[in-house]
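Please look through the structure shown here.

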Amino acid sequence: MTRNVLVVGGAGFIGSHTVLELMEQDFNPVVYDNLSSGYRDAVLTGNFVEGELEDKDRLVETILKFDISSVIHFAALIEAGESVLEPLRFYRNNVASTVSLLEAMQSAGLNRLVFSSTAAVYGNQSSDQLLHESLAMSPVNPYGRTKAAVEALLQDVADSSALKTVALRYFNAGGADSQARLGERHDPETHLIPLVLQTAAGRREQFSIFGDDYPTTDGTCIRDYVHVTDLAKGHIAALKHLFSLDDDDGFYQPINLGTGKGFSVREVIEAVRKVTGEDFEVGVSDRRPGDPAQLVSDPGRAREILRWQPERSSLYTIIEDAWRYMRRPAPG
Ligand code: UFG
């Protein structure tokens, strides 16, 4: 049976790659997006509905019209630095909107949800061990706190109803579709790999490292980079897991999607130099507020429960795919 899946925020970076993967695995995606940061032309397949999450009537109407079976929820503001300056906007977009989505799902009788959470819920932990889902959440910026708040909300709703939900805690998403049909298009771009690649391409004069006095091997922050297509596959695995569960009981589980291996900002810069063959200027500026020193996943739970393992997430493949996408021929 082909299942119709509502992909909220499906016009964004990870959402649009997941739409392709859903199609490939015999699900029918229906994208619901307000296009505040996504792109209509990034939705390469399935139906598209332009709408706000706070418009509950439109959500319920869409769920019923397309006979939706389950929801994947990507729609959120994601820049940690911005969240420090504008917390209210983040709580409205990330928390209040999810309340609205859950209410719409309840009215329409839907109870399966895959939620985009983040490694940012871990914040600065006391040891530099791999981050396991059982650790207490301790986010260090409003962005991470909005995601932690939604996870608490999901747990409460699952405890009191038949909601079945997995919160996928992504580590650092990167790369692009291997055929360069889709890739990262944030505006303005703030993420490390695309910014370093833009510098390698000569579109920026210099790349600036945000702080080299962190308690890490070379003083720069360490992150766990995971390929966007691997993340997309993780969502399908999570969805299938939710469909395998008993219908009457509520269920909530956080699951990391990462590789278990971390790279410093300087290591990423070196890898970009190798992949592109370009040299470029690198400077060091102050720390960016809200950046934890190190975020590296314990990937065990995803492997055990979802049978998910990254396939394209070597740092070189991530950078090669992102580089190919950046140099794709202009459309037309
Ligand atoms: N960095 C720089 N200079 C830049 C941009 C980034 O040094 O110009 C550094 C950052 O300080 C950080 C690292 O590169 O140490 C990665 O920064 P990104 O902005 O690429 O990503 P973040 O780790 O801040 O956040 C990303 C997502 C979040 C997610 C998090 C999970 O944006 O949504 O990964 O680890 F929660």
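**Strands, surface and backbone**

In the predicted model, Val 71 stands opposite Leu 113 in S5. Residues are numbered from 1 along each chain as its sequence is written, and side-chain values use heavy atoms, with hydrogens and water left out. Because this is a predicted model, local features need pLDDT of at least 70 and side-chain atom pairs count only at pLDDT 80 or more, while totals for chains, interfaces and linings use all residues.

Q: Which strand is joined to S5 by seven bridges?
A: Strand S6 (residues 164-170) is joined to S5 in this way, and the two run parallel; in S6, Leu 168 is the bridge partner of Ser 116.

Q: Why is strand S5 called largely enclosed?
A: Buried means under 20% relative accessible area, exposed over 50%, and partly exposed in between (1.4 Å probe, protein chains only). Seven of the seven residues of strand S5 (residues 112-118) are buried, so the strand is largely enclosed by the rest of the structure. Arg 112, Val 114, Ser 116 and Thr 118 point one way, Leu 113, Phe 115 and Ser 117 point the other way, and all are buried. In a regular strand the side chains alternate between the two faces of the sheet.

Q: Why does one side of strand S12 have no neighbour in the sheet?
A: An open sheet of three strands has the order S12-S9-S14, with mixed pairing. Strand S12 (263-264) and strand S14 (294-295) stand at the edges with a single partner strand each, so one side of each is left without a neighbour in the sheet. Strand S9 (residues 222-223) is joined to S12 by two bridges, and they run antiparallel; Arg 223 has Phe 263 in S12 as its bridge partner.

Q: How do you know whether Leu 35 and Arg 307 count as exposed or partly exposed?
A: Leu 35 has 24% relative accessibility and therefore counts as partly exposed, whereas Arg 307, at 71%, counts as exposed. Leu 35 is in the loop between strand S2 (27-33) and strand S3 (47-50), and its phi is positive, about 60 degrees, although it is not a glycine. Arg 307 lies in the loop between helix H9 (300-306) and helix H10 (315-326), with a positive phi near 55 degrees.

Q: What makes the peptide bond between Asp 187 and Pro 188 stand out?
A: The bond joining Asp 187 and Pro 188 is cis, with omega about 0 degrees, and Pro 188 lies in the loop between strand S7 (172-174) and helix H6 (192-200).

Q: How do you know that the radius of gyration agrees with a compact globule?
A: The radius is taken over C-alpha atoms, and the globule rule is 2.2 Å times the number of residues to the power 0.38. With 332 residues, a compact globule would have a radius near 20 Å, and the protein chain has 19 Å, which agrees. Of these 332 residues, 55% count as buried.

How values were computed
Pairing = 2+ DSSP bridges. Helix = DSSP H or I, 4+ residues; strand = E, 2+ residues; numbered from the N terminus.
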